[in-house]
Each structure stands twice: as C-alpha cells, then as structure tokens.
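Hello,

Here is the structure I promised to pass on to you. Have a look at it first, and then read on for what turned up in it.

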Amino acid sequence: MMFAVAIIAVLIALTLAVVRALAGPSAFDRLLAANNIGTSAIMLLALFGFMTERPEFLDIGITYVLLNMIGTLAVLKFFRYGALGHAQDLDMDQDQS
Amino acid sequence: MEPAIDLLSWAALMGGGFFYVVGAIGLNRMPDIFTRLHAVSVSETLGVGLLTLGMLLQAGFTLVAVKLVMIMVVLMWTGAVATHALARAALHDGEKPLLADKGGALMPTDPVSLFPELGVRLAAPLKSEIVEGDSPGPADAGSAESEALAEVGYGADEAEANPDAERPDSAGPDSTGKDDR
C-alpha cells in the first residue's frame, strides 16, 4: 500500500517532467527533463519491485542508473563539441584567442 | 513486520514522494534553466534519498538493501555531476541566467560580464558569446566586475555614475518570473 502511494507520486512527477521535456525552450531543458525522467524510471522500478515483492527489479534499476548518467554526459559532450569521439574535434584551445 | 518500522517506512516514502513531486513542479514553474536545475536537484537528492530509505526499512539486512544503497549512492553522485555538466554546458552555449535588476524585474544577464573570470574558466568560449569589446582578462577584472555589478543594481551609486552602461540584449522579463519577488 505504501509503495502504491509512492508510485503514484513518482508517476505525477514523471508526467510533469514529460511536460517540461515537450515544452522546454532550449535543448538543456529537455535534457534536464530527460534526466529526471530516467531517475523517475529507476525509482518506479525499485518501488514496483517492492510492491510486488520481487526486488529483483533492483538489478534493472542499477543498470538504468549507469545508463542515465552516461546518456546525459554523452549528449552534453555532443552539444559542446559536435562530436563524441575524435581527438582532433576535441581540441579545446582552438577557439581561445 | 514491526509496526514501528512500518510507520517509519510510511513517513519516509510519503516524504520522498512529496519532495519528488515538489521537484517536478519546480521543473515546470521555474523561469530559466539554472533555476530549473536547482529545483530538480531537490527531487534527485532528498526525494530519491527518502524513497530509498523507506524501501531500505522494508528490506532489512539483505542483499536487496545493498543494491538499494548502491542505487542511492550512484544516483546522488551522478545527479550532482550531471547537474554541474548541464549548467556548464548551458553557460557555454550562451544561456543567460535571469538576475534581478534594481526594480526587482528578472532580466537575462550575461554571466561573463558579471564574473569576468568565468570567460576564462569556460574552457573554449565561443567568440560570439562573449560581450563584444570587453572580454575582460584577469588584468582589468576589478573594474569590469564593479561595472557589471552596477549594471544589475547591486551597487546603486555606481549605477547612477554611469547610467549609459547598457545591458546585454534583454528580451524583457519572462512571463513566468512575475511571482518570484
């Protein structure tokens, strides 16, 4: 029962984050909302696992935590450099006058 | 399960859900990206922490508790890192934080004019994002800083001293910023 109430709260927060992700004026707003949606999904997984008394869902949650972090940082890096890998594109001194 | 543990778990889960929803409301209500980051960090620290604490009390000393602690620690750690990276990327991209001027209206203010060392710290500043003509180096940091402070109205007498200090392009206060002050 207590987990059901917490799940409802997290679902409300998830809906609000989706609203921001759709409405956000800049890409950073959308990315922030996407990060929050990922966190909400992790909490939903954990709470749902506890509610149905199958806490094995936590393993999926751990995977999601790591993926969420990597995803946000990768997209940010892409915004900044326009590329994800190549060393010649990551030359930070080229713009400094 | 003992009733005391259940009661504590209820309290932690309800508190966590409350702060989670508060963070999401702030994500929608706040006027610009930096204040939204501030709002979301509520749900990513206090919300996640309390929800995990509530589940921990139900789990007891098991392997499930270890996994929960792992999720909580990693979420708190990476939430801070992601928030910092987002703010830095937004600054680098030229997002101007809303700062209050003398009348209390929120104006998009160029942070590089306010904190001159920021232009140096942002590792690869795009040339178009620095205010034209005064990309202040460390040499004239003091004067540029006081001028920038006068621009946003922190030093009132200095603002009258040079009334022609123009603000960087201001698109007017955001409509959602009216209830902040």
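To start with chain B: what share of its contacts with a separation of 6 or more is accounted for by residues 24 or more positions apart? The answer is 57%. Please keep in mind that this is a predicted model.

Staying with chain B for a moment, you will find seven helices and two strands there. Read from the N terminus, its elements follow the order α-α-α-β-β-α-α-α-α. Chain B has 181 residues, and 33% of them count as buried.

Next, the place where the two chains meet. Chain A brings 40 residues to the contact and chain B brings 45. On the side of chain A that touches chain B, α1, α2 and α3 each supply at least two residues, and α2(A) gives the most, with 12. By class, that side of chain A consists of 27 nonpolar, eight polar and five charged residues.

The axes of α2(A) and α2(B) come within 11 Å and cross at roughly 10 degrees. Angles under 35 degrees count as roughly parallel, and α2(A) and α2(B) are therefore roughly parallel to each other. The contact of α2(A) with α2(B) has 11 nonpolar, four polar and three charged residues.

Finally, the nonpolar core. The largest one has 49 residues, and those with the most contacts inside it are Ala6(A), Ile42(A), Ala46(A), Ile71(B) and Leu86(B). Both chains take part: the elements that give two or more residues to this core are α1 (2-23), α2 (27-51) and α3 (57-81) of chain A, along with α1 (3-29), α2 (33-59) and α3 (63-92) of chain B. α2(A) gives the most to this core, with 10 residues.

Which residues does Ile71(B) touch, leaving aside those up to four places away in sequence? From chain A there are Ile42(A), Ala46(A), Leu58(A), Gly61(A), Ile62(A) and Val65(A), and from chain B there is Thr52(B). Two of these partners, Ile42(A) and Ala46(A), are also among the residues with the most contacts inside the core.

Enjoy exploring it!

Best wishes

Terms used
Residues are numbered from 1 along each chain as its sequence is written. Chains are lettered from A and ligands numbered from 1 in the order in which they are written. This is a predicted model: local features need pLDDT of at least 70, side-chain atom pairs count only at pLDDT 80 or more; totals for chains, interfaces and linings use all residues. A nonpolar core is a set of buried Ala, Val, Leu, Ile, Met, Phe, Trp, Tyr and Cys residues joined through C-beta atoms within 7 Å. A residue is buried if 20 or more other C-beta atoms lie within 10 Å of its own, exposed if 12 or fewer, and partly exposed in between; C-beta atoms are placed from the backbone. Helices (H or I, at least four residues) and strands (E, at least two) are DSSP runs, numbered from the N terminus. Two residues are in contact if their C-beta atoms, placed from the backbone, lie within 7 Å. Ala, Val, Leu, Ile, Met, Phe, Trp, Tyr, Cys and Pro count as nonpolar, Asp, Glu, Lys and Arg as charged, and the others, Gly among them, as polar. Axes are lines fitted to C-alpha atoms, for helices over the stretch in contact, and angles run from 0 to 180 degrees between N-to-C directions. Angles under 35 degrees count as roughly parallel, over 145 as roughly antiparallel, 65 to 115 as roughly perpendicular and the rest as oblique.
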